[in-house]
Amino acid sequence: MQWNATVLAATFASLLFAGCSTPHAAGAAPHRRETRATSRSAPVGPLWEAHPATAPGAITADAAGTVLLGGDREVIALDHDGHEQWRTAIADLSIEYPALGAGLAVVSTARAGGKADFVALDRATGARRWHVRVAGTPGPVTVSPAHVFMVTQRGELLAFSPAGVPQWRIQLLGTFSSRGAIAYDPGTSTVASVVFALHRGWLLELHDGRTGRDVGGFDLGATDPPSAVATGLPHQLVLGTGDTHELLVIDLDARVVAHAIRTDAAFDPASVPVVANDLAVVIDRRGTVIAVNLRTGEVRWERPLARPVLDSRPLISADAVVVATWGGSLNALALADGRALPLAAAGGDGIPVAFALDAGRLVVARRLATPNRVEAWPAP
């Protein structure tokens, strides 16, 4: 079955995100611990730590700081120095990453009986702005200046304005992977989704972001799974295929594959490529990290991690790529050539279930740690 890798990833993530909550102390603020640099200016510990009352889960960062899930019961915003900005109690939070943009922080809930909501919070205050009730399990959210795109695992794709006004709602041809990604290219107003359709296999569906109209797509095969899809340079999409084991760079103007770069293995639909400037980085299921020039299609470097990778969201800092292997090992690779770099955040107890880059700092959420915590380190 093509969904085995995703099911394993979702099961593991569910255990970490929903099964490790600590008792909630209402109104308790995260604790912080500053650690000064040594005389060699090398940190001997994290720059700061925050200890939410509930074990931390998925985190996302933007220009204002970091937004994290506190178990399945609250959303917390921290500034760049780890101070709490706000917290909002929301029951039955799902494991999807918070989506930030257009003045919003959008999260989702999943409850027994197939009832779920997408909830839009004010990014500055945490106040509830609006919500959308959906059937089934919620999937990822992507926010643009003019739209909030949401999808369920059943394949219902919805568009709302940032003010919560419904724009359109359609049914995709297949089901959507938990913790995948919706890609949006503003230049062509294209919304891209990877789905699995019974009797057809894996598909990349393309829709007009203004109307929801079907504007084409690509057949990705019926055997091994692809990665999630991401935007590349303007008018481009990037994703890994399962059938052919390739990283594809798609030209949205011509609706053709501009570059196809061979990879060692297939992918995971919950693994999301990352793009910075003209470089795309993707990790295949065996754990090979591939960096590709989006303009030329040339491989800049490849680096095997020697461990499998599922549900992967690599990050690119000024000088490095940060990736995590299955089981939570953090790694830093030089952006120029892929060589391994020392990473202070790789140590410590517990499992880093999520990480983000926030104002030159690598913010890591650790569960099964003593104590469970969020900590910040200098970005590699």
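The model is predicted, so to speak of local features asks for pLDDT of at least 70 and side-chain atom pairs for pLDDT 80 or more, while totals for chains, interfaces and linings use all residues. Residues are numbered from 1 along each chain as its sequence is written, and side-chain values use heavy atoms, without hydrogens and water.

**Exercise 1.** Find the strand order of the open sheet of 4 strands, and say which strands stand at its edges.

*Solution.* Start with the inventory: the protein has 1 helix and 33 strands (DSSP runs, H or I of at least four residues for helices and E of at least two for strands, numbered from the N terminus). Next, trace the pairing, which requires at least two DSSP bridges between two strands. The order is β23-β24-β25-β26, with antiparallel pairing. β23 (274-276) and β26 (299-304) each have a single partner strand, so they are the edges, and one side of each lacks a neighbour in the sheet. Finally, look at one pair: β25 (residues 288-293) joins β26 over 5 bridges, and Val-292 stands opposite Val-299 in β26.

**Exercise 2.** Decide whether Ser-108 is buried or exposed, and find its side-chain polar partner.

*Solution.* First, locate Ser-108 in strand β7 (residues 104-111). Its relative accessible area is 4%, so Ser-108 is buried (under 20%, with exposed over 50% and partly exposed in between; 1.4 Å probe, protein chains only). Then inspect the side chain: Ser-108 makes a polar contact with the side chain of Ser-94 at 2.6 Å (N or O atoms within 3.5 Å, one able to donate a hydrogen and the other to accept it; residues adjacent in sequence count only if both atoms are side-chain atoms).
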